[in-house]
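Please open the structure in your viewer and keep the selection panel at hand.

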Amino acid sequence: MLARKQGAVINVSSLASVLAVHFPAYIAYKAAVNAFTVALHDEYRGQGVTFQCVLAGAVATSALPGIKADLIVVSPDRLANDSLRLLGGPVLIAPYWVHHLSMLVGSLVPRAIMMAIVRTSTVRLLAQSAPFRTNTNNKTK
């Protein structure tokens with residue numbers, strides 16, 4: 001890419017990396033992806049290669065079986081299309097509008113309130129996912 005002076009690198013991170021509400025090891029890893037992408041962007045600025053880091057919220061993938069795309073959960077195709085549409089813009093982006101709004105709200109509300117909101121939505125999301133469902137015969141601990 002550098003030799004051709006054109007190309008793009010799109011790394012995928014998580015909203016969790018900027019909201020930092022739980023799962024500390026995951027947050028640290030994703031924050032490192034953010035920092036790495038920003039460093040690459042700065043290092044190779046003006047050399048024709050675009051760097052972007054997608055801060056994804058909930059995505060309907062096989063990682064959470066049973067989760068379907070809806071207003072909060074974005075489909076992989078929608079996330080990819082929105083990311084490509086914004087390529088060349090800010091390095092760190094939350095391309096799906098609901099995830100972007102979540103990031104903005106997260107930066108404005110008190111941390112305790114944001115933590116409660118994220119925990120509630122995470123519990124609700126995991127409850128919908130096949131591996132995390134519980135019933136009276138098979139309790140998840």
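**First stop: strand S2**

Select residues 49–56, which form strand S2; seven of its eight residues are buried, so the strand is mostly covered. Here, buried means under 20% relative accessible area, exposed over 50%, and partly exposed in between, with a 1.4 Å probe and protein chains only. The model is predicted: local features need pLDDT of at least 70 and side-chain atom pairs count only at pLDDT 80 or more, whereas totals for chains, interfaces and linings use all residues. Residues are numbered from 1 along each chain as its sequence is written, and side-chain values use heavy atoms, leaving out hydrogens and water.

Two strands pair if DSSP finds at least two bridges between them. Within this pairing, locate Ser14, which stands opposite Ala56 in S2.

Then select residues 92–93, strand S3; S2 and S3 pair in the parallel sense over two bridges.

**The whole chain**

Finally, display the entire chain, which has five helices and three strands. Helices (H or I, at least four residues) and strands (E, at least two) are DSSP runs, numbered from the N terminus. Followed from the N terminus, the order of elements is β-α-α-β-α-β-α-α. Of the 141 residues in the chain, 32% are buried.
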